[in-house]
Structures are given as structure tokens and as C-alpha cells.
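Please look over the chain below before reading the briefing. The notes that come after it are grouped by topic.

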Amino acid sequence: DFCIGNHLLEHTRNPIGGLCEFLRTLRPGGVAFVSVPDVGNPMDRGRSVTTFDHLLADHVPTNDRSTDDDRHYDESVAAAHPELKGGALRELTDHFLRQAYSIHFHTFDEASFRRLVGKAAELSGAVVEEYARNRTPEFDEYIAVLRRTGEAVVGTDSPRPAAAPIA
């Protein structure tokens, strides 16, 4: 198995859960490739990096995160459309909220991405094979390659079969 999640996790309300679900779909030994843009890219410039505590809180299913959703939309639209102010900015934000438009709910730097990936790997019975940074003059992103192992997954009673060795 091989799955690619290219610039997917920043669009999820629960990136830890999203990556855990992504890894769950792999057979033991399967590989996942995931990447996220750096917070300094044009769509997120001016936003703060999402804290790890925030990501953990988003992963608790009983937490009401609707207030955070509103704030995410406000921040995302303002960062992506710096030319808009006041009523025009509010109008576009409200429009996106009504549509449930796919914004960048979360932003990452290298450290926060590594923590996200590490936590999802821990919860999902996966190992991180590789981290990389792809920096160009126009764009900056972080990449991780994970392999699902035969380890028991948190919350399950039975271990998975052993993973195939890396060739």
C-alpha cells in the first residue's frame, strides 16, 4: 500500500485524527507520504503557528471547537486576502463559513509538523521513516514518510501482523 496526502492536513479540523485515519487505511508495511506548507507561504503569511496543545484539543472528540472554527476562518481569509478590510473581509469570511469552504484550519512550522506526525505515528502503530523540507524561492513545505508497523494500536486489543522489511 502507498497513500499520498499532499497538502491535506492543514485543511482538516483534526489533523492528528486525519493522519491517524490515513494510516489506518494502510496494510502493515504500507507507506504514507504527507506534506504541509510552511506558515510563511502566501496563504498563511501573518498567521501564528498552530500550537501542539491546540492540535491535541482538536483531537478530543467531545471538545466543542466551533469558536475555534470561526477564528480559523477569520485568520485564514484575512491572511489569504490582505487587500480586503472591514465589511468586505467579513462578507467573504461569512460566505466561506456558509459554504464550509476548505480553508487552512491549521498552520505549521517544521517543529509543529514533526510533533503532529510523531503523535499520529504513536497512536497509529506507525514509524516515521523520513522527514524532509522542500524549500524553493517561491514555496516552502515539510514532508514526512511513515510506515505502518505491526505494533498494537492505542485503543485496540490485538496486534497487527509484522511489517515487511524496508527494501
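Residues are numbered from 1 along each chain as its sequence is written, and side-chain values use heavy atoms, with hydrogens and water left out.

**Confidence**

- The protein chain has an average pLDDT of 88, and 89% of the residues score at least 70, where pLDDT is the predictor's confidence in each residue on a scale from 0 to 100.
- Over residues 155–167 the pLDDT is below 50, although this stretch has 24 contacts in the model beyond near neighbours in sequence, a contact being heavy atoms within 4.5 Å.
- Where pLDDT is low, the predicted coordinates should not be read in detail.

**Overall fold**

- The protein chain has 5 helices and 4 strands, taken as DSSP runs (H or I over at least four residues for helices, E over at least two for strands) and numbered from the N terminus.
- Read from the N terminus, the order of the elements is β-α-β-α-α-α-α-β-β.
- Of the contacts between residues at least 6 apart in sequence, 68% join residues at least 24 apart.
- Buried residues account for 43% of the 167 residues in the protein chain; buried means under 20% relative accessible area, exposed means over 50%, and partly exposed lies in between, with a 1.4 Å probe and protein chains only.
- The protein chain exposes about 9000 Å², of which carbon and sulfur atoms supply 55%, with areas from the Shrake-Rupley method and a 1.4 Å probe, and with only the protein chains shown counting as cover for residues.

- Strand β1 (residues 2–6) pairs with strand β2 (residues 31–37) in the parallel sense over 5 bridges, pairing being assigned if DSSP finds at least two bridges between two strands.
- Together with helix α1 (residues 15–24), β1 and β2 make a right-handed β-α-β unit; right-handed here means that, with the strands pointing away from the viewer, the path from the first strand over the helix to the second runs clockwise.
- The covered face of β1 holds C3 and G5, while its uncovered face holds F2, I4 and N6.
- Because 7 of the 10 residues of α1 are buried, this helix is largely enclosed by the rest of the structure.
- The buried residues of α1 are P15, I16, G17, L19, C20, F22 and L23, and what covers them includes β1, β2, α2, α5, β3 (126–135) and β4.

**Nonpolar cores**

- The largest nonpolar core has 24 residues, of which L19, L23, V34, F113, L116 and L146 touch the most other members; such a core is a set of buried Ala, Val, Leu, Ile, Met, Phe, Trp, Tyr and Cys residues joined through side-chain atoms within 4.5 Å.
- The elements giving two or more residues to this core are α1, β2, α2 (52–58), α5 (110–124) and β4 (140–148), and α5 provides the largest share, 6 residues.
- F113 touches V34, V36, F108, Y131, Y142, I143 and A144, when residues up to four places away in sequence are not counted.
- A second, separate core of 7 residues includes V77, L89, I103 and F105.

- F2, in strand β1, is exposed with a relative accessible area of 54%, and, leaving aside neighbours within four places in sequence, F2 is in contact with L26, V31 and F33.
- F2 and L23 are 21 residues apart in sequence, with a C-alpha to C-alpha distance of 10.0 Å.
- F96, in helix α4, counts as buried at 11% relative accessibility, and, with neighbours within four places in sequence left aside, F96 is in contact with Y73, V77 and Y101.
- F96 and V77 are 19 residues apart in sequence, and 8.6 Å separates them from C-alpha to C-alpha.

**Backbone angles**

- Most residues other than glycine have a negative phi, and most peptide bonds are trans.
- H7, in the loop between β1 and α1, has a positive phi of about 55° although it is not a glycine.
- A100, in the loop between α4 (86–99) and α5, has a positive phi near 55° and is likewise a residue other than glycine; A100 is exposed, with a relative accessible area of 53%.

Terms used:
This is a predicted model: local features need pLDDT of at least 70, side-chain atom pairs count only at pLDDT 80 or more; totals for chains, interfaces and linings use all residues.
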